[in-house]
Amino acid sequence: MTSPSPCSGLRRVARLEDLPERDKDHDCVGFGPHRICVKVDGVAELPTRFGRFKIVAFWNNRDGKEHVALVHGDAMGASELPTRLHSECLTGDALGSLRCDCRDQLEVALRRLSSMDRGLLLYLRQEGRGIGLRNKVRAYALQDRGLDTVEANRALGFRDDERDYEVAAHMLASLNVESIALMTNNPDKIAQLQRYGVKIARRIPHVIPPNEFNRNYLLTKALRSGHQLEIDGKPILSEQDDPVVIEQPGAST
Ligand SMILES: [Zn+2]
Ligand SMILES: [Zn+2]
């Protein structure tokens with residue numbers, strides 16, 4: 001077992017902009033079984049179409065992947081910080097693919113976070129449920145030929161979900177976050193983060209408000225309790241791990 005907080009060198013600083021200097025020589029024993037260590041090496045303003053954020057770039061000393069945090073408001077050292085973990089999906093996030101609803105989930109999260117006093121989105125570079133972009137496309141090809149998501153991943157030699165949240169745990173520690181209010185519909189994600197020492201004060205349901213264009217699409221997915229579109233009768237699992245929940249008119253949450 002690793003200690004929940006292996007990072008002793010992550011002293012508090014006043015501003016996000018002070019983090020690259022603090023982390024210049026940071027190198028700890030790392031989080032989780034893969035001993036992941038990250039350090040902040042860039043912070044800048046990032047106004048977006050969804051609201052005002054700062055972008056914090058992390059360098060990962062184990063596999064070189066570049067993760068980012070989008071920070072809204074005063075998040076340094078915060079308690080019960082509204083937080084969303086989003087796993088990269090190039091096809092959905094950037095290209096608008098309808099094989100998944102990653103982009104909807106990302107947009108809703110960023111709008112919600114920027115409407116609050118403070119909020120944090122960790123954008124994690126674990127494309128295709130952790131198998132990478134090329135393998136995701138190969139898995140899509142197998143699905144086009146009739147395999148379901150799980151069968152396709154297994155045919156390629158992967159588990160159905162290769163994601164890991166050690167990086168997220170270290171990123172939260174790097175930002176000196178005391179505890180988070182996690183925006184998710186998935187209790188398993190909460191358990192995984194707690195294993196790495198993240199304090200989760202509460203859960204915020206991640207609810208997608210429908211519009212006239214996607215109402216039926218979202219309702220279909222919600223009825224399938226977490227399954228996405230079907231291709232040739234085979235369900236496709238969500239690439240984010242949250243079953244879709246749809247906002248009902250007049251609902252109080
Ligand atoms: Zn570290
Ligand atoms: Zn996706």
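A residue is called buried if 20 or more other C-beta atoms lie within 10 Å of its own, exposed if 12 or fewer do, and partly exposed in between, with C-beta atoms placed from the backbone. Welcome to this predicted model, in which local features need pLDDT of at least 70, side-chain atom pairs count only at pLDDT 80 or more, and totals for chains, interfaces and linings use all residues. Residues are numbered from 1 along each chain as its sequence is written, while chains are lettered from A and ligands numbered from 1 in the order in which they are written.

Let us start inside. A nonpolar core is a set of buried Ala, Val, Leu, Ile, Met, Phe, Trp, Tyr and Cys residues joined through C-beta atoms within 7 Å. The largest one here has 44 residues, and Ala 69 and Leu 122 are among those with the most contacts inside it. Helices (H or I, at least four residues) and strands (E, at least two) are DSSP runs, numbered from the N terminus. Elements that each supply at least two residues of this core include β3 (66-72), β5 (119-124) and α6 (166-174); α6 gives the most, with 6 residues. Leaving aside neighbours within four places in sequence, Ala 69 is in contact (C-beta atoms, placed from the backbone, within 7 Å) with Val 56, Leu 120, Leu 122, Met 171 and Leu 175.

Most residues other than glycine have a negative phi, yet Arg 35 has a positive one, and so does Asn 176.

How values were computed
Contact = placed C-beta atoms within 7 Å.
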